[in-house]
Amino acid sequence: MGKLSREAVVEQALEIGSAEGLQAVTIRRLAQELGVTPMALYWHFKNKEQLLIGMADHLVEGFVITEDYDRPWQEQLRELVAGLIKVLRHYPCAAAVLEEVDHITVPSFLRVWDTGLGLAKQAGFSYEESCLISRYLLQGAIALAAGPTDRQPGLSDQDAAEHVRVKRVGLQSLPPDVYPHIVEMAAPLCERGTAEFYDTFGVDLLVTGIETLAARLHRD
């Protein structure tokens, strides 16, 4: 094969992590999959910590919006959250990767974070409030991207369906006099609906809360 690129390494790592979990991502395994020696990978990443940072940066770099003062901040905030969820959803292991790294070491994540801070500031929030809002938004987007199911990497469709069935039966078997609402809503609690509904409702929940707070701030 030709010269091995950094992008090819991280994409292969993300494919393995999404299919088998991050524990399966090793320099030796990557070298085997890419048909090179481990030393060829060390040229790009000296250890797994650096590899995880590279994976995280690759996940987010496809989506970096620039703060635009000519557009409503509400519109940009929705675009920021919805777009981040979309790019992270492409790889099932995305949330796990971002949990493993310090976000300040990931340049692309820092750019998204900076935009979130700027939009919160545009909305009229204080520095302290803007910091909290940006953290809630980014953490919320990462959590939403991990949904709408809690399917484990490596499970077949049949095993995943059985996992959901067992979980649903377990919830339905709880004492209805103690947990009436859990028993009543056992099916949607386990299945969580479609990805489109899950994402749209989640973005609305996050952003509408901020819009409501901003409106209250301006009234006061």
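The model is a predicted one, in which local features need pLDDT of at least 70 and side-chain atom pairs count only at pLDDT 80 or more, whereas totals for chains, interfaces and linings use all residues. Residues are numbered from 1 along each chain as its sequence is written, and side-chain values use heavy atoms, with hydrogens and water left out.

Of the 220 residues, 37% count as buried, a term that denotes under 20% relative accessible area with a 1.4 Å probe, protein chains only. The secondary structure consists of 12 helices and 0 strands, where helices are DSSP runs of H or I with at least four residues and strands are runs of E with at least two. Among contacts (heavy atoms within 4.5 Å) between residues at least 6 apart in sequence, 70% join residues at least 24 apart.

An automatic or database domain assignment divides the protein into domain 1 (6-148) and domain 2 (157-190), and the C-alpha centres of domain 1 and domain 2 lie 32 Å apart. Along the principal axes, the C-alpha atoms of the protein fill a box of roughly 60 × 50 × 25 Å.

In UniProt, an unreviewed entry lists residues 26-45 under "DNA-binding region", although such annotations may be inferred rather than shown by experiment. This span, residues 26-45, is 65% helix and 0% strand, and its end C-alpha atoms lie 11 Å apart.

How values were computed: Buried means under 20% relative accessible area, exposed over 50%, partly exposed in between (1.4 Å probe, protein chains only).
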